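Dear colleague,

I am passing on the structure below, together with a short account of what was found in it. Please read the account with the model open beside you.

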Amino acid sequence: HEVFSRHDSLGYQVNLLARLLEQTLRRRIAGYGVVPGQFPALLALYEREGLTQAELSRLVRIEQPTMANTLGRMQRDGLVRRDPVERRQRDPDPADGRRSLIRLSDRARDLERSLVAAANTVNAEATAGLTAAETATLMDLLNRVIEQLDATRRTEEES
């Protein structure tokens with residue numbers, strides 16, 4: 001019977017880190033009326049607006065139903081708007097939110113500097129005990145692990 005140590009588990013430790021980062025970010029951005037679950041979409045839209053829901057889902061690696069709910073809340077909260085894509089003959093239902101272009105509201109644009117500063121503060125707090133070189137190494141290693149799991153997922157999907 002193999003013993004599983006959560007302290008030696010990459011998955012456990014990364015999940016714990018993600019939860020702690022999310023809790024810290026939540027406290028930093030609560031006053032802006034934004035929650036961490038909206039952050040991936042906001043950051044992607046700050047980089048490039050006018051994405052469809054499907055494009056945004058793929059870009060930030062969030063399942064379509066979850067993205068639909070997130071965008072609904074973001075629209076309700078005045079962070080984004082949906083501009084209809086010009087309808088073609090064979091397009092699905094025009095009410096389908098996936099066929100809209102997602103754009104930032106003026107409110108979301110006004111919040112960009114503050115939200116990015118809050119995220120940078122959280123990252124700085126998390127890495128305060130590391131040197132710049134250690135932080136760079138950590139980021140490099142995390143990116144390599146992510147790339148490896150992505151490659152494994154793609155291989156499995158192609159099989």
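R61 is exposed, with a relative accessible area of 57% (exposed means over 50%, buried under 20%, and partly exposed in between, with a 1.4 Å probe and protein chains only). Its side chain meets that of D150 in a salt bridge, 2.6 Å from N to O (a side-chain nitrogen of Lys or Arg within 4 Å of a carboxyl oxygen of Asp or Glu). Because D150 lies in helix α6 (residues 132-158) and R61 in the loop between α3 and α4, the pair ties together parts that are 89 residues apart in sequence (helices, H or I of at least four residues, and strands, E of at least two, are DSSP runs numbered from the N terminus). D150, for its part, is buried at 13%.

This is a predicted model, in which local features need pLDDT of at least 70 and side-chain atom pairs count only at pLDDT 80 or more, while totals for chains, interfaces and linings use all residues. Residues are numbered from 1 along each chain as its sequence is written, and side-chain values use heavy atoms, with hydrogens and water left out.

Also in helix α6, R153 and E157 lie 4 residues apart, about one turn of the helix, and their side chains form a salt bridge of 3.2 Å, N to O. Salt bridges that share partners join R61, D150, R153 and E157 into one network.

The structure holds 11 salt bridges; another of them links R109 with E49, the closest N and O atoms being 2.8 Å apart.

With kind regards
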